[in-house]
Amino acid sequence: VELKCAGRVEAAIFAGSIDFDPMEVAASADLPLRVVRATRGDFTREAYEELVAALPRGELGEIEGGHLVPMERPDAVADAVLAFAGVA
């Protein structure tokens with residue numbers, strides 16, 4: 001297995017997310033948001049439901065796939081984004 005990005009980029013992503021708590025910012029996200037979870041991802045459905053419940057105008061979607069579903073199923077993710085935006 002080989003990363004598709006430079007190792008320093010991968011490290012920066014993880015380093016930048018250490019102090020990020022999505023629950024802290026969820027309530028202030030006053031716009032329509034769809035949170036999409038991978039059905040075989042690393043986080044429980046309950047964790048996603050808790051996040052969506054904290055969003056003033058949030059909803060939950062799912063895509064069959066694993067933790068890296070945007071890389072595994074890019075067409076399905078793109079379709080979900082376009083459908084939410086009302087373009088598809």
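This is a predicted model: local features need pLDDT of at least 70, side-chain atom pairs count only at pLDDT 80 or more; totals for chains, interfaces and linings use all residues.
Colleague: Why is Arg 37 called buried?
Modeller: Buried means under 20% relative accessible area, exposed means over 50%, and partly exposed is in between (1.4 Å probe, protein chains only). Arg 37 has a relative accessible area of 8%, so Arg 37 is buried. Buried residues make up 17% of the 88 residues in the chain.

Colleague: Where does Arg 37 lie, and which residues does Arg 37 touch?
Modeller: Arg 37 lies in strand 1. Leaving aside residues up to four places away in sequence, Arg 37 touches Phe 43, Thr 44, Arg 45, Tyr 48, Leu 60, Gly 61, Glu 62 and Ile 63. A contact means heavy atoms within 4.5 Å. Of the contacts in the chain with a separation of 6 or more, 62% are between residues 24 or more positions apart.

Colleague: Why does Ala 85 count as exposed?
Modeller: Ala 85 has 55% relative accessibility and therefore counts as exposed. Ala 85 lies in the segment after helix 5. From Ala 85 to Pro 70 the C-alpha to C-alpha distance is 17 Å, with the two residues 15 apart in sequence.

Colleague: What makes a set of points a pocket, and what space lies in the largest pocket?
Modeller: On a 1 Å grid over the protein atoms alone, a pocket is an open set of points where a 1.4 Å probe fits, with protein on both sides within 12 Å along at least five of seven lines; lining residues have an atom within 4 Å of a point. About 1200 Å³ of space lies in the largest pocket. It is lined by 39 residues, of which Phe 43, Tyr 48, His 67, Leu 68 and Pro 70 are the closest to its centre.

Colleague: Which element gives the most to the lining of the largest pocket?
Modeller: Strand 1 does, with 6 residues. The chain has 5 helices and 2 strands; helices (H or I, at least four residues) and strands (E, at least two) are DSSP runs, numbered from the N terminus.

Terms used
Residues are numbered from 1 along each chain as its sequence is written. Side-chain values use heavy atoms; hydrogens and water are left out. Grid points are joined across faces, edges and corners, and a volume is the space filled by probe spheres set on the points.
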